[in-house]
Amino acid sequence: MKPGPRVPTFEELPPTLPVFPLTGVLLLPRGHLPLNIFEPRYLAMVDDALAADRLIGMIQPSDGAEGRAASPPLYATGCAGRITALEETDDGRYLITLTGVARFTPGEEMPTTRGYRRFAVDWSGYAEDLAGEDAAAGDGPEVDRDRLTQALEPYFKQQGINANWEAIKQTPDERLVTSLSMICPFQPPEKQALLEAPGLAERAELMLSLLEMAVLEQSGDEGARH
């Protein structure tokens, strides 16, 4: 099942959202996040989202405690994604893809009867998330590609990540920064900082700094062992 790729307008964004608290998982506007849904409460959440606007809010617990507490505290910013692909497995799981729509601020938690959490949400300040890739990229290049390559090569080697460098070179700036921010194994607070970056230029600069710091730390550890 592949729902259509329609993106809501800012005025169509709903006043409440079901949320999926997940530590270390980042969704950004226009990013694509695959999820394996198996818990009954989140299967119910997907069913309800499909019957409504197909929107689910991804957000990190602020203390990384989603497995230890029924209702852990959450960070002050999440990102809503629209279900754009869904497959049901023989053992009753859902394999879904969320496509990032816009960031939000969670407000009052709403009462629910299906096990998952739902919040009143505030979208103000994030209308530009819906502006599209070209608008997000601005008038000129936002990423220092030479610096990015110099950071990525040792980082990918360090993390055991195989890269298609030709594809990386041809990927537009915003799509590349979004993909790398989501797939690189940064720490949860670092992922949150990438989510909260005001725009593409700030997110690209932060991501480059995180890559460079990780490489320097690895080099320092290796030097200390010799």
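Me: Accessible areas here come from the Shrake-Rupley method with a 1.4 Å probe, and for residues only the protein chains shown count as cover; what does the accessible surface of the chain come to?

Reply: The accessible surface of the chain is about 11,800 Å², and carbon and sulfur atoms account for 51% of that area. This is a predicted model, in which local features need pLDDT of at least 70 and side-chain atom pairs count only at pLDDT 80 or more, while totals for chains, interfaces and linings use all residues. Residues are numbered from 1 along each chain as its sequence is written, and side-chain values use heavy atoms, with hydrogens and water left out.

Me: How many helices and strands does the chain have, and what pattern does the chain follow along the sequence?

Reply: Helices (H or I, at least four residues) and strands (E, at least two) are DSSP runs, numbered from the N terminus. The chain has seven helices and six strands, and in sequence order the pattern reads β-β-α-β-β-β-β-α-α-α-α-α-α.

Me: What percentage of the residues of the chain count as buried, and what percentage of contacts join residues at least 24 apart?

Reply: Buried means under 20% relative accessible area, exposed means over 50%, and partly exposed is in between (1.4 Å probe, protein chains only); of the 226 residues, 42% count as buried. Contact means heavy atoms within 4.5 Å, and among contacts between residues at least 6 apart in sequence, 70% join residues at least 24 apart.

Me: Is Thr-77 buried or exposed, and with which residues is Thr-77 in contact?

Reply: Thr-77 counts as buried at 7% relative accessibility, and its place is in the loop between β3 (55–59) and β4 (78–88). Leaving aside neighbours within four places in sequence, Thr-77 is in contact with Ile-59, Arg-103, Phe-104, Pro-106, Tyr-126, Gln-192, Leu-195 and Glu-196.

Me: How many aromatic pairs does the structure hold?

Reply: A pair of aromatic rings is described by the distance of the centres and the angle of the planes. Rings of Phe, Tyr and Trp (its six-membered ring) pair if their centres lie within 6.5 Å, and planes under 30 degrees apart count as stacked, over 60 as edge-to-face and the rest as tilted. The structure holds five such pairs. The ring centres of Phe-104 and Trp-123 are 5.9 Å apart with planes at 65 degrees, so this pair is edge-to-face. Phe-104 lies in strand β5 (residues 94–110) and Trp-123 in the loop between β6 (117–122) and α2 (133–137), so the pair ties together parts 19 residues apart in sequence. Both Phe-104 and Trp-123 are buried.

Me: Which residues line the largest cavity?

Reply: Rolling a probe the size of a water molecule over the atoms shows where empty space is left. On a 1 Å grid over the protein atoms alone, a cavity is a set of points where a 1.4 Å probe fits but cannot get out, and lining residues have an atom within 4 Å of a point. The largest cavity is lined by Val-25, Leu-26, Leu-27, Met-58, Ile-59, Gln-60, Gly-78, Cys-79, Lys-191, Gln-192 and Leu-195. At least two lining residues come from each of β3, β4 and α6 (188–196), and α6 gives the largest share, three residues.

How values were computed: Areas by Shrake-Rupley, 256 points an atom, 1.4 Å probe, with all protein chains shown as cover. 1 Å grid on protein atoms, 1.4 Å probe; cavity = no way out; pocket = protein on both sides within 12 Å on 5 of 7 lines; lining within 4 Å.
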